[in-house]
Amino acid sequence: MSTDEQRRALSRLVFQWRTAHPDGPDDPGDDPEFLRQARILQGLDPETGARLTP
Amino acid sequence: MRVYEALAGTHTPHSGGGRYVRFTVAVKAPDGGPAGISTRKLVREPDGTLVADHELQRLLPEHRGNGFGSAWGHHMETLYRDSGFDRVELFAADDDGGYMWASAGYDFNSEWSATAILDELADELTRLEHARDTWPGPPDDPMLQQIIDDIAAARALLADAAAGYGQPGFPSAYRISQAGRRPGMKYRRDEWLGSRVMAGSEWEGVLKL
């Protein structure tokens, strides 16, 4: 996935989360499930945020 | 909310050309008093690409953290997506902006922006290493382990940044902002490596739609 594709995928994830949680916190990362999904999307460990792929 | 200024214009060739519409809205509190201001510029570039420029947003301190910023941003983003906009651009600043825009998926829009954040990350790494080396408590102290974990995270980010701005693997603003965060941590209540680095920072951001 190119950098631009990754950027668009993350922005779509945030947009979809905000649509589903109109009264949710300002920071979507306050939702542990969102944080996990966003990290997986970026190729990161969902718990620690460490990079998984070489 | 009330629109109190709107105008249309043309960018000079030096500014990339294209036409734009700029509008400013006054944000009101539930009691009708002033709460803030927001200015947006909608640009059609010469090749037809649509870009939204979030030029200005200021909320009075007592009205921050109540959800207006995210609700207003989402409302506008819905319009942008429905209208075929390519991206949103802004300058992240103020107390919360440096962190919150990164957490919302905005990425660095210029090399100097990324460099400024990486410089702050390097400074934070120095502080962490000093804290580790002068730790007064026992070696199995959970707080010391957190510092050691943050040192590893900061080093990994700086190593990946060696790929060069714009190259695959270069850390995104989002990745930096969430570094060291444990699931369940909440912004404003807790702090972690990424929130310490990004809070109060200033950088040019872009959200690819």
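Visitor: Is Arg7(A) buried or exposed?
Guide: In this predicted model, Arg7(A) lies in helix α1 of chain A, which covers residues 3-20. The cut-off for a buried residue is a relative accessible area under 20%. Because the relative accessible area of Arg7(A) is 17%, the residue counts as buried.

Visitor: What is the relative accessibility of Gln42(A)?
Guide: Gln42(A) is located in the segment after α2 (32-41) of chain A. Apart from neighbours within four places in sequence, its contacts are Gln6(A), Leu10(A), Ser172(B), Tyr174(B) and Arg175(B). Gln42(A) counts as buried, since the limit is 20% and its relative accessibility is 13%.

Visitor: How many residues does each chain bring to the contact, and how much area do chain B and chain A bury between them?
Guide: Chain A contributes 28 residues and chain B contributes 39 residues. Carbon and sulfur atoms account for 49% of the buried area. The total between the two chains is about 2,600 Å². On the side of chain B, 24% of what is buried comes from the three residues that lose the most area to chain A, namely His74(B), Tyr174(B) and Lys208(B).

Visitor: Which residue of chain A meets Arg188(B) in a salt bridge?
Guide: The rule finds seven salt bridges across the interface of chain B and chain A, and 19 residue pairs in polar contact. In the salt bridge of Arg188(B), the distance from N to O is 3.8 Å, and the cut-off is 4 Å. The partner in chain A is Asp26(A).

Visitor: Which element gives the most to the side of chain B that touches chain A?
Guide: Each of α1 (68-82), α2 (94-103), β6 (107-108), α5 (173-177) and β7 (203-208) of chain B supplies at least two residues to that side. By class, the side of chain B that touches chain A holds 14 nonpolar, 14 polar and eleven charged residues. The element that gives the most, with five residues, is α1(B).

Visitor: What is the distance in space between Pro171(B) and Asp107(B), C-alpha to C-alpha?
Guide: Pro171(B) sits in the loop between α4 (142-161) and α5 of chain B, and at 2% relative accessibility it counts as buried. Leaving aside neighbours within four places in sequence, Pro171(B) is in contact with Phe108(B), Leu157(B), Asp160(B), Ala161(B) and Ile176(B). Although Pro171(B) and Asp107(B) are 64 residues apart in sequence, their C-alpha atoms are separated by 9.5 Å.

Visitor: What share of the contacts in chain B with a separation of 6 or more comes from residues 24 or more positions apart?
Guide: Chain B has six helices and seven strands, which run from the N terminus as β-β-β-β-α-β-α-β-α-α-α-α-β. Its C-alpha trace spans about 65 × 45 × 25 Å along the principal axes. Of the contacts with a separation of 6 or more, the share from residues 24 or more positions apart is 57%.

Visitor: What percentage of the residues in chain B is buried?
Guide: Chain B exposes about 10,300 Å², and carbon and sulfur atoms supply 54% of that area. Of the 209 residues in chain B, the buried ones make up 45%.

Notes: Residues numbered from 1 in each chain as written. Chains lettered and ligands numbered in written order. Predicted model: local features only at pLDDT ≥ 70, side-chain atom pairs only at ≥ 80, totals over all residues. Heavy atoms only, no water. Contact = heavy atoms within 4.5 Å. Buried area = accessible area lost by both parts, 1.4 Å probe. Salt bridge = Lys/Arg side-chain N within 4 Å of Asp/Glu carboxyl O. Polar contact = N/O pair within 3.5 Å; in protein donor to acceptor, adjacent residues only side chain to side chain. Helix = DSSP H or I, 4+ residues; strand = E, 2+ residues; numbered from the N terminus. Nonpolar A, V, L, I, M, F, W, Y, C, P; charged D, E, K, R; others polar. Buried < 20%, exposed > 50% of the residue type's maximum accessible area, 1.4 Å probe, protein only. Areas by Shrake-Rupley, 256 points an atom, 1.4 Å probe, with all protein chains shown as cover.
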